[in-house]
Structure formats: structure tokens, C-alpha cells
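Biologist: I would like to learn how to read a few features of a protein model. Please take them one at a time.

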Amino acid sequence: IDRLTVCGTPIYMSPETVAGLTGGSVQTAHPQATDWWAVGTLIYEMIFGKPPFSAPSFDKLTAKIARNAVHIPVGHVSKSCGDIIRRLLDKTDSLRLGSGDSSEVQQHEWFA
């Protein structure tokens, strides 16, 4: 797998990918945490019927991904569902659920 190519739907881009595209530090390859961000985005979209970040232009979308916190509507999901989404969509890739090992994600209570 070529981990140096940026491709796919922009709404699934992680903050670190956005930073690399918008003049931030250039990465030689994306970390595993980038893929877990996409999983968090997918879960959010499956639960709420829309992506966690959206905007009418690419520039506005990437700004939201880079700066805005994810909004989880209160009372619409279980505590464990909200927790896995928040932790997968942590802006800091090294703190993101799954950044150390995939078992972190697999053992999350939401999957029970």
C-alpha cells in the first residue's frame, strides 16, 4: 500500500493530512492514526446521517477539520458510542484511539 499518496473523499481527511496539504509539516507517510480518524468519521456518518465536518468549499472544509471540535448531539447516542467517536476524532494523532495499536479500538466498550 502506498502510504504517501493523498486520495479519497476530503471529508475523511485527518487534521494531520490537512496540515500536510495546507502548508504544514510534510510527512513521509501517514501514521496509522490517520486511518482511525477515517473510521471515526465513518461511524459518525453512519450514526448521524451526515459527516462530522462539512462545508461548501474544500478550503472551508479543511479549516473545520483542522480547528473545530467534533459535535456529538447530547442524548442521541449511548455514552460508549459518543466516547469512541470523540476518541477516534481526537485532533492529536498520537492521542487518538488506535494510534498505539488496533487492539485499543477492538477492545472499546462500544463493540460489546
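Modeller: Start with burial: buried means under 20% relative accessible area, exposed over 50%, and partly exposed in between (1.4 Å probe, protein chains only). F53, at 3% relative accessibility, therefore counts as buried. W37, at 0%, counts as buried too. This is a predicted model: local features need pLDDT of at least 70, side-chain atom pairs count only at pLDDT 80 or more, and totals for chains, interfaces and linings use all residues. Residues are numbered from 1 along each chain as its sequence is written, and side-chain values use heavy atoms, with hydrogens and water left out.

Biologist: How many aromatic pairs does the structure hold?

Modeller: A pair of aromatic rings is described by the distance of the centres and the angle of the planes. Rings of Phe, Tyr and Trp (its six-membered ring) pair if their centres lie within 6.5 Å; planes under 30 degrees apart count as stacked, over 60 as edge-to-face and the rest as tilted. The structure holds three such pairs. One of them, W37 and F53, is stacked, with 6.1 Å centre to centre and 10° between the planes.

Biologist: Which parts does the pair of W37 and F53 tie together?

Modeller: Helices (H or I, at least four residues) are DSSP runs, numbered from the N terminus. W37 lies in helix α2 (residues 32-48) and F53 in the loop between α2 and α3 (58-67), so the pair links parts 16 residues apart in sequence. W110 and F111 also pair, edge-to-face, at 5.2 Å centre to centre and 65° between the planes. W110 is partly exposed at 28% relative accessibility, and F111 is partly exposed at 47%.

Note on methods
Helix = DSSP H or I, 4+ residues; strand = E, 2+ residues; numbered from the N terminus.
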